[in-house]
Amino acid sequence: MRAVGLHADVVVATSRAYQTTCTLVRGGVEAFCIDSPIFPDELEIVPALAEQAGFAVVGLLATHGDWDHVLGRYSFPEAPLGCAETTAARLISEPGNAQRKMREFDEEFYVERPRPLSLPSAQRLPVPGKLDVGDREVELHPTEGHTEDGMAIWVPWARVLVVGDYLSPVEIPWLHGSANAYLATLNRLEPLVEEAEHVVPGHGGPIDGTRAAAILREDRTYLEDLLEHGEAAKLPLARRTAGQREIHAANVAHASLRS
């Protein structure tokens with residue numbers, strides 16, 4: 001797991017699995033942990049990383065309800081989990097789904113965990129809205145398209161934008177919601193990206209605002225091409241791997257089912 005400080009109040013750790021990011025944000029004497037790494041040894045390291053950096057974690061935030069973003073309670077078992085109202089509703093409507101997906105991953109890669117994943121009722125956060133982190137305040141912005149739930153978190157004093165599974169340098173837009181909703185999210189994120197010094201996607205590690213803006217334009221072009229040309233849509237040049245072509249094929253099938 002790699003860790004990098006983006007600001008005195010923001011540290012990002014990147015998992016070995018899927019390059020999944022976990023972000024620590026501090027406001028005064030309190031801090032929040034956003035999303036999570038994946039492997040047990042990484043989850044064990046996060047509290048030590050937070051302590052070493054002087055981040056007293058009092059709560060967890062999840063950008064959305066996918067299993068690989070809600071493992072923070074392995075690191076901070078007493079911390080409450082907060083998420084968008086849409087994500088809280090999803091976790092209720094899909095009981096046990098995150099645990100089941102995690103077990104499938106663990107069985108494939110022979111991963112052993114110290115205990116089952118516990119996901120008690122999440123605190124519903126109004127999105128759009130604001131959330132106090134110690135003596136500071138972060139902004140919460142709705143994100144739909146990748147899934148039908150979620151939020152991005154803008155840390156204004158650090159000019160850091162945590163976006164969940166959007167604007168990834170390693171992964172094309174992956175549709176579990178709709179392409180039009182995804183495009184609306186990109187439009188919503190664009191002015192924040194223009195202000196950001198750093199953007200933290202859910203996969204691929206933190207990037208600077210200039211690169212994030214370029215990825216946003218590429219993702220918009222891809223989705224518009226997907227809506228118009230389906231399977232013939234061109235993938236962004238730097239993300240034309242075999243794995244991304246599989247995601248593209250899934251997007252084509254998904255879009256056809258929703259049309």
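Me: Against which strands do the buried residues of α1 pack?

Reply: An α-helix has 3.6 residues a turn, so residues three or four places apart point the same way. In this predicted model, the buried residues of α1 pack against β1 (2-7), β2, β3 and β5. Pro40, Glu42, Leu43, Val46, Leu49 and Ala50 are the buried residues in question.

Me: How many residues does the largest nonpolar core have, and which of them have the most contacts inside it?

Reply: In soluble globular proteins, nonpolar side chains tend to be buried together. Here the largest nonpolar core has 32 residues, and those with the most contacts inside it are Leu24, Cys33, Val57, Trp67, Leu71, Phe76 and Phe105. At least two residues of this core come from each of β2 (10-14), β3 (21-27), β4 (30-35), α1 (40-53), β5 (57-62), β6 (81-84) and α3 (97-109). The largest share, 4 residues, is supplied by α1. Another core lies apart from this one; it has 28 residues, among them Leu175, Ala179, Tyr222 and Leu235.

Me: Which residues does Phe76 touch?

Reply: Leaving aside residues up to four places away in sequence, Phe76 touches Cys33, Val46, Pro47, Ala50, Val57 and Leu60. Val46 and Ala50 are also among the buried residues of α1.

Me: How is an aromatic pair to be read, and what are the values for Tyr166 and Tyr182?

Reply: A pair of aromatic rings is described by the distance of the centres and the angle of the planes. The structure holds 5 aromatic pairs. One of them, formed by Tyr166 and Tyr182, is tilted, at 4.7 Å centre to centre with 55° between the planes. Tyr166 lies in the loop between β11 and α4 (179-195) and Tyr182 in helix α4, so the pair ties together parts that are 16 residues apart in sequence. Tyr166 counts as buried at 3% relative accessibility, and Tyr182 counts as buried at 2%. Elsewhere, Tyr18, Phe39, Trp67, Phe105 and Phe109 form one aromatic cluster.

Me: Which peptide bond is cis, and where is Tyr110 found?

Reply: Most residues other than glycine have a negative phi, and most peptide bonds are trans. In this model a cis peptide bond joins Val127 and Pro128, with omega about 5°. Pro128 is found in the loop between β7 (123-125) and β8 (129-133). Tyr110, although not a glycine, has a positive phi of about 60°. Tyr110 belongs to the loop between α3 and β7, and is exposed, with a relative accessible area of 74%. Arg159 likewise is not a glycine and has a positive phi, of about 55°. The loop between β10 (151-155) and β11 (160-164) holds Arg159, which is partly exposed at 41% relative accessible area.

Me: What radius of gyration does the protein have, and what would a compact globule have?

Reply: With 259 residues, a compact globule would have a radius of gyration near 18 Å; the protein has 17 Å, which agrees. The protein has 6 helices and 13 strands, and its C-alpha atoms fill a box of roughly 50 × 40 × 30 Å along the principal axes. Buried residues make up 56% of the 259 residues.

Methods
Residues are numbered from 1 along each chain as its sequence is written. This is a predicted model: local features need pLDDT of at least 70, side-chain atom pairs count only at pLDDT 80 or more; totals for chains, interfaces and linings use all residues. Side-chain values use heavy atoms; hydrogens and water are left out. A nonpolar core is a set of buried Ala, Val, Leu, Ile, Met, Phe, Trp, Tyr and Cys residues joined through side-chain atoms within 4.5 Å. Buried means under 20% relative accessible area, exposed over 50%, partly exposed in between (1.4 Å probe, protein chains only). Contact means heavy atoms within 4.5 Å. The radius of gyration is taken over C-alpha atoms; the globule rule is 2.2 Å times the number of residues to the power 0.38. Rings of Phe, Tyr and Trp (its six-membered ring) pair if their centres lie within 6.5 Å; planes under 30 degrees apart count as stacked, over 60 as edge-to-face and the rest as tilted.
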